[in-house]
Amino acid sequence: MVVLEAAGVKKVYGERGNIHLALNSIDLQIAAGEFVGIMGPSGAGKSTLLNVLSTIDLPTGGYIKINGKNIMNLSEHELARFRREELGFIFQDFNLLDTLTAKENISLPLALSNISAKEIEKRLDRISKLLEIEKILNKYPYELSGGQQQRTAAARAIISNPSLIFADEPTGALDSKSAYNLLQTISLLNEKEDATILMVTHDAYAASFCKRVLFIKDGVIFTEIYKGEQSRKQFFQAIIDILATLGGGGHHDFI
Amino acid sequence: MTLYNLAKRNILRNTKMYLLYLYPMVFSVIIYFTFASLQYNKQIIDSLTIYDKVEPAFQAASILLFFFAAAFIWFSNGFFTRSRKKEIALYSLFGIEKKKIGKLLFYENIILGLGSLFIGLFLGILLSKLFAMLIMKLMGIAIIAKLSLSIQAILQTVVSFSLIIVITSLHNFRLIYRHSLLQLIKAEKKGEKKPKKISWLAALLSILFIGMGYTIILQPSDALFWDNYGFQAIIGSFLMMIIGTNLFVRAFVMYILEKMKQITAVYYKGVNLISITHLLHRIKGNVLILSVISLLSTFTLISFGTTFSLYSNIQEISKKNFPYSIMYTVPDEEKNTAVEKLIMENGQRQIEFSKRIEYLQMDGDLSEISRVPNEFPVVLIPETAYHFLAEKLEKKVIPINDGEAIAFYDGNLDQRTDPFTGKSIPLTDSQTVTIAAYEDYALLNLDIYVFPIVITDSFFQQLKNDGLSMELQLYSLKNEKSIKELDQKLMKLFYVDPYADFATKGEKIFSSFYHNYHKFIQVYGLLIFISAFLGFVFLLAAGSMLHYKLLTEATTDQPRYKILKKIGMSKSQLRRLIAKQLIVIYLIPLVIAISHSSIIILALSAFLGISMVTPFLITIGSYLLLYLVYYFLTLSKYTKIASEG
């Protein structure tokens, strides 16, 4: 089943005379249960693509369907609801509300959707066990380490059972050990919860946890590779090779 | 780049921030100057026959305004410098000496201060005319207010504000020395602290304090302790209310919110989750400001409600103190004919009744009756005359025996206490009269030399040889409120200058309702102006303090709202969230103020024996209206800032 379908997606910045084509006709399909990574050098359009796909920004041309629904036709109100119910987000800088405890942060999307307190408790219980964050539930974000905060954010992203989770450089602000733990967690969500995940990263190591990686450069999809039966190490090597041919951006993270 | 250029750039790019500081300063100057210029307005002073009576009120109000302006500017300055700490830290990082930065801040504040002083004076000059016209209208004086500049007012304003400006400038100069570089850089990034455990004890205490304050002040006015500890009781009651108010905001409101958090069905419903936690943080950071606003609003409601009640009760109060339109000791034949002629000119049909009564004037020893000046003569009224007057005033008569007397209400604020019964007045060496009863109404107009007591007819005859036997003429006129000319002519007839001295008047009685009624209108007109002015200023200042404080918080909260939008909060949910938070914050001081002032007005109204309900409700209504304007203004701006995030 196709969860996300994008065709001919364009994004143009600037006005006449000074146009910058950030995305140039992107076609993309993601099936349920996939774990897709998007890589590319700085300025390739990774973040623009994620913003457009995740309804935070509007494309200039083409269409995007999530679960068969064309998101370009939704009103502001419907969009907010759609985001709440169908999408989950994990951001580089966690984006947890510092006035709420971890538990409250995780429950927030459900509370906003007016789901009963009982149901919230139930789901919270399950998710926090899965992500091993039961012990930190009553703490405030500033009392938590980066890794704990990001796992809290991941719990918030998954709790509403979204059709699609967007992760924007989720390991960007983490040390390598926490990054590894988080990527394990995300993989776990993908495997155990059948969560469909789209992750943008410039880190080849992080990308190697995905099942499929798309490479974009100058606003177009340059190529894509599947992990298939390869080991993570082999897949990592394949990613590095492509990045080398991709060039351009110049800075990649190596291990 | 020179320091000057740097400062100039900063001002140009942050115009908005500087304006936010400039407004309160200009506002304070305008208010202060306007008030001072009214205080020194020659026209008002000249037209006020009762100026010396209201001067203390003017003085007190102007001192109050000064302190208020100082506090307001101090607050705005703190607010302003806080938002600039980062900029100051940058200067320091660029390698500018501390002394230079200090100087920069000092001069900047001086320039801003002087600028607002000039702008404020200019606008104040324009506005003061408007206010002068308003004040005269309220006082019932028909003079066209001329735009006359009071040098004294300008001087007083300049001196007062120079003081404030210099002090704040010095404070700013010290800013860079008071904080380390790190503190300055991190000024805005303080991060939210974990809310402290809220003690239920403090919450309970707040209710206890307020309740006790209310109970004390609501004690019936004949309660015994008022006589002995009246002043202490009132101060104590106010203190309890003040402490209770602070605790109420600090603990009680927070406690309720904490409790709401524990009701999961409520807490995890829609935007409640965020609004309750946000409120906890907002209120915690604003305890002082909310308490101050509560108390300022209380003060405003009480002072305006009281003066407004008195103003609208002038008719009643005047009638109570001056039951007869005209009352005078019958003079010699020639003068009396002239007076009667004047009254006839006013129209015979206007006369409701006229009565001539006999009375006896004696120089009794009033030392035991401490309420009346000793130089007052005792006015002895025979029982028959008393019966006639009591019937006209629709009062029941009290029987007395020889040697006994009835005393009457003498303008005492609390008319129900009886300060007379049991006391005796030696009239001559051998005759003494003892006051056996007290009536809570005025038998004769309350005026100079009028201290009437009623004695039996037989006792009256007995004393006749020892005192001065005289006659009192009383008139009740239908048009007593509009006999300006008659009043002036009578005044001229009875004495040249009615306010020159007691002595010139002789111990003859003359009293007119009209004269006193208009005196009341002048006094209360002026008082109502002062209290409305102060009330309006307080409301404006309190409202804008809260307004700006909340808006800055909205700016620092922008990232939070951004997150909320990303995880799927719709615009309407956001608006509801903000409206919910703000209404609670705005309601807290309002509820407290209305509750406090209602109780105090209730006590006051019982004490003064006049009804204050309607004027007070009107006061609350208009206050609510202005307050609502602030709420919606803040709401719309807050929502705009939040959705920009």
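Colleague: What makes strand 3 (residues 35-39) and strand 8 (residues 197-200) of chain A a pair?

Modeller: In this predicted model, strand 3 and strand 8 of chain A are joined in the parallel sense over four bridges, and two strands pair if DSSP finds at least two bridges between them, so the pair qualifies. Strands here are DSSP runs of E with at least two residues, helices are runs of H or I with at least four, and both are numbered from the N terminus. Residues are numbered from 1 along each chain as its sequence is written, and chains are lettered from A in the order in which they are written. Local features need pLDDT of at least 70, side-chain atom pairs count only at pLDDT 80 or more, and totals for chains, interfaces and linings use all residues.

Colleague: Why are strand 6 (87-90) and strand 10 (220-226) of chain A said to stand at the edges?

Modeller: The open sheet of six strands runs in the order 6-7-8-3-9-10, with mixed pairing. Strand 6 and strand 10 of chain A each have a single partner strand, so one side of each is left without a neighbour in the sheet.

Colleague: How do you know that strand 5 (residues 424-426) and strand 6 of chain B pair?

Modeller: DSSP bridges again decide, and strand 5 and strand 6 of chain B are paired in the antiparallel sense over three bridges, with T434(B) in strand 6 as the bridge partner of S424(B). A hairpin joins these two strands of chain B through five residues.
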